[in-house]
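Biologist: I am new to this one. Could you walk me through it?

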Amino acid sequence: MDAYDTIMMPYYASRVPAPLPTLAEIVLSRDIIGRDDHRTIVRVGRHFLVKYGTDVDLNEAANMLFVRANCDIRIPKLYAAYREHSMGLNIIIMEFIRGQTIRSIFDRLRRRDREDIAERLRTYMRRLRRIPAGNFYGSLGNRPYSNPFWEDIPGPFNLGTEVSDAYFHLEFRREPNLYRVNLAAYRDVFDRITRDLDYPVFSHGDLHWSNILITDNDRIVIIDWERAAFYPAYYEYLVTAGRNHHIPERWREMARIFLGENHAAPTELLDEAGAAYYEGRQPRR
């Protein structure tokens with residue numbers, strides 16, 4: 001199957017709930033939801049959430065359009081995405097959805113609540129993975145990954161082994177191997193246990209508990225699609241529930257439900273390799 005074509009920007013939806021906010025309304029909004037040095041997220045009026053800044057990636061807008069066209073899961077509607085040349089800003093205007101992230105309510109969730117959410121997310125993941133895959137690992141259009149982790153070796157890749165080679169290099173290069181860990185042994189085991197998961201699937205790429213909303217009417221909405229791409233099937237669990245993320249074990253239990261128990265093994269192996277490499281701790285196995 002050919003690579004999906006890159007979805008070109010700018011984009012303007014044919015139907016919007018109100019006139020799109022002007023640049024002045026966007027940058028002057030005081031309803032700030034999030035901000036860092038190069039990106040701001042604001043609410044404008046009743047209907048719109050806007051991301052703007054020099055670090056806003058219009059790839060997120062392309063991914064949102066792609067998911068809505070190919071998969072029946074709940075994500076925000078996209079209303080516009082464009083480059084504001086006069087100020088050097090990328091701007092994405094989308095639907096504002098009232099809700100709370102799983103992270104913000106996690107301590108209040110009962111066991112049956114967590115199981116219910118996990119089952120509904122499992123349905124979402126099955127639908128997402130039914131999107132026909134391209135014959136490559138990378139962003140839409142057979143382009144490099146739009147993901148800071150992959151910045152130095154961004155792909156695209158033709159083979160799953162190329163992705164694994166790049167991952168091991170990127171993950172285990174930050175510090176010298178002071179504990180003389182035999183990474184080759186870990187890699188051999190990793191290749192064996194990922195043999196049945198080493199195929200490309202369209203994945204969110206950053207599916208942690210802060211990117212999943214529970215709306216006021218108890219629907220699940222997945223947000224922040226900028227890192228979505230075709231990754232190996234095991235990758236979603238790695239970024240969702242890897243040990244380097246400071247998350248509770250109950251969240252990992254949920255991930256086992258909505259991503260699959262067999263997807264957990266590669267991540268657990270990489271967690272053990274990381275503990276040995278960076279901390280000198282002996283693996284459990």
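**Aromatic rings and a helix**

Modeller: Y145, F149, W150, F157, Y167, F168, F172, F190, Y231, Y234 and Y235 form one aromatic cluster. Rings of Phe, Tyr and Trp (its six-membered ring) pair if their centres lie within 6.5 Å; planes under 30 degrees apart count as stacked, over 60 as edge-to-face and the rest as tilted. This is a predicted model: local features need pLDDT of at least 70, side-chain atom pairs count only at pLDDT 80 or more, and totals for chains, interfaces and linings use all residues. Residues are numbered from 1 along each chain as its sequence is written, and side-chain values use heavy atoms, with hydrogens and water left out.

Biologist: How many aromatic pairs does a search of the whole structure find?

Modeller: One of them is formed by Y145 and F157, with 45 degrees between the planes and 6.1 Å centre to centre, so by the definition it counts as tilted. The search of the whole structure gives a total of 22 aromatic pairs.

Biologist: Y145 and Y231 form an aromatic pair; how many degrees are between the planes?

Modeller: Y145 is in the loop between α4 and α5 while Y231 is in strand β11, so their pair ties together parts 86 residues apart in sequence. The pair is stacked, at 4.5 Å centre to centre, and the angle between the planes is 10 degrees.

Note on methods. Helix = DSSP H or I, 4+ residues; strand = E, 2+ residues; numbered from the N terminus.
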